[in-house]
Amino acid sequence: MKDIILKAENISKQYRLGEVGTGTIKHDLNRWWYKIRGKENPYLKIGDVNDRSTKGTSEYVWALQDINFEVERGEVLGIIGKNGAGKSTLLKILSKVTAPTTGSIKSRGRIASLLEVGTGFHGEMTGRENIYLNGAILGMTKKEIASKIDEIIEFSGCERYIDTPVKRYSSGMTVRLAFAVAAFLEPEILVIDEVLAVGDAEFQKKAIGKMQDISKGEGRTVLFVSHNMAAVKSLCTKGIVLEHGKVIFKGGIDESLKKYQTLTQKITTKLLDFNRKGTGEYRVSGLNLISSGEKKNTFFLGEKITINLLLKQLKQDSLKNVRIVIGIYNFMDEGYLRFDTNLLNFAICLDKSESEISCELEESLNIKPDNYYLNIAVFSENVLIDYLTNAFEFTIENADYFNTGKNLQDSELSRVYYKHKWSQLK
Amino acid sequence: MNPTPNSNEWLFEITPKNKFFSLNLREVWRYRDLLFLFVKRDIITVYKQTVLGPLWYLIQPLFTSITFTIIFNKVAGIDTGAIPPFLFNLAGIMVWNYFTSCLTGTSDTFKSNAAIFGKVYFPRIITPLSIVISNLIKFGIQFFIFVVFYIFFYFQGADLSLNGSLVFFPILIAFMGILGLGLGMLISSMVTKYRDLNNLLGFGIQLLMYISAVMYPMELIKAKLPKFGWIVEYNPLAYVIETSRYMLLNIGSISILGLVYTMALTLAVFFAGLLVFNRTEKSFIDTV
């Protein structure tokens, strides 16, 4: 028989959009009026599916709808989905930070969450005092912390500063100390969200290693949410894929990642509507990949392409020393290629209402058949003007790259294809 | 560990609404270390990097007492009988301060802790409880300085005598704390939705002080303003302050009926506060 440690049944969560506070009393009274007459909450029936990019008609929105899943003891479950799919809401419900609107979660073990490290750190207190306080907030007893304090201090690598107030710490040290406390939690079920995005590369490696120990070595049940698909892949055994607040796939981690890959974003047409960072004097308003004079988003392995950017002036301002960086990433957020005007000493000056920049690849695009997307950053005098992520999604399809009619059987084995020659010398 | 896959043996369940009333004392007990650490944090961090440190706990009541003595006793001429007016005021201010610091501290619970409440779960009641306890320690320090002045005035020849009912003083203070906590929880829960209350609280407390018999004996208001005396009589805080002066300084009167009324009201407010607090903690993060 399966040993189910956690079971979610019909979990839904409704949020009210717009300004909370206006008309609250009216809705509250209305709810109460329905309630005393023994009727159902009138606002539960309405509500749109949570698609952030399209404008809905209702004031209420379902961040999660009818979520059902089970987790077995010792399983490491990855929860994946694009931004706004409801992952964080689900974790908030699991860690009891907020209650679901309907449904229930049943658990056979203590749940502790690592939603964001360093909650409750107090700047005036020393590192050691903060370890105790933070540990207690996360649900440890003083005795448990005392028995592990040396390990925690060692793991954090902050021995020298441990009796100094935390406000004197660098941000990296604070994060390391906080992660160290959390890593030594011992609940039956651990909920982790995005903690791996902290610290320097060395510490990240250490953190992932610790996560692997927790999930594999110690047989702990872990629910893991991250945008770092490589980390998800290496840590998780099972996965569920969320889209617009609904579970669209449950299964093994490899199938889940494949399903995730197919969730393409439809933002290529309206780049200006897309929220982004940067000061915004100019915005990337158009983006095209061109091969043999044709705009496309599917290419064959080995095609020569040109990336065309349209920049629209939004504020009356001209920009000097403009630097543009284009990065090509796969859906696991691993960088493949990077084109930087700075590297080629190419200086741009933007002063027209619309400018067009093109970047022609001199070599053919020979990265392995997969889905990729572009990240684009525009700087002027080292100030970030515009930053678009997941801006354009395109596919590379297999082709007869070597002119032999043959392909690599397992594309996992080679990330880049390379024209080459074999010869027998002896 | 012995897993039993039987659906009725779940350790706990997360559901949309709390049961009508649930104070999970076992869970609070499990988090007692956190309570202790919060109290410690409140005490040690408030006056870090100040020159006078914990002396600030004393400066505020002492200076307020001096001001009250000058304004209300010397200028306005309120008579405190055989008791030195300074001691009379200090006793009232000390108890009043405990109530207001509990009330203002706890009434901010959800708003000021939104960041941490939004990330981790622990029984939310721990936070207001820790505020009441750390304020009790602060009260203890102030009580000590009161004793010092009591002895000083005694040797100055003031007519001071102890009252046997003094043994009940801790119970009286406990009720003051519970009332502050209950009212604070009530307000903190409502503030998450209606921010207006925050503005009300600040000057509300100030006005409340004038009808709580802090700077005058209860008799006086009844004698001087017979028409409005009932406002003070219906105020439970006035009884606590009047009674604590009776216990500490043997002045004024003790009204059993008034005290029973105060305690009943305190418990009612406390349970109402607990109820609303419990409901709010489940989903306040969506509205705060």
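**Close-up 1. The charged end of Arg124(B) over the ring of Phe117(B).** In this predicted model, the charged end of Arg124(B) lies 4.4 Å from the centre of the Phe117(B) ring, over which it sits. Phe117(B) has a relative accessibility of 0% and therefore counts as buried, since the cut-off for a buried residue is under 20%.

**Close-up 2. The aromatic pair of Phe117(B) and Phe122(B).** A search of the whole structure finds 28 aromatic pairs over all chains. One of them joins Phe117(B) and Phe122(B) in an edge-to-face arrangement, with 5.7 Å from centre to centre and 75° between the planes. Phe122(B) is buried, its relative accessible area being 0%.

**Close-up 3. The tilted pair of Phe146(B) and Tyr150(B).** The ring centres of Phe146(B) and Tyr150(B) are 6.2 Å apart, and because their planes meet at 45°, the pair is tilted. Both residues belong to helix H7 (residues 126-155) of chain B; they are four residues apart, so about one helical turn separates them. Phe146(B) is buried, with 2% relative accessible area, and Tyr150(B), at 12% relative accessibility, also counts as buried.

**Close-up 4. A cluster of rings in chain B.** Phe146(B) and Tyr150(B) are part of a cluster that ring pairs link together.

**Close-up 5. The charged end of Lys419(A) over the ring of Tyr401(A).** In chain A, the ring of Tyr401(A) has the charged end of Lys419(A) sitting over it. The distance from this charged end to the ring centre is 4.0 Å.

Methods
Residues numbered from 1 in each chain as written. Chains lettered and ligands numbered in written order. Predicted model: local features only at pLDDT ≥ 70, side-chain atom pairs only at ≥ 80, totals over all residues. Heavy atoms only, no water. Phe/Tyr/Trp six-rings, centres within 6.5 Å; stacked < 30°, edge-to-face > 60°. Buried < 20%, exposed > 50% of the residue type's maximum accessible area, 1.4 Å probe, protein only. Helix = DSSP H or I, 4+ residues; strand = E, 2+ residues; numbered from the N terminus. Lys NZ or Arg CZ within 6 Å of the ring centre and 35° of its normal.
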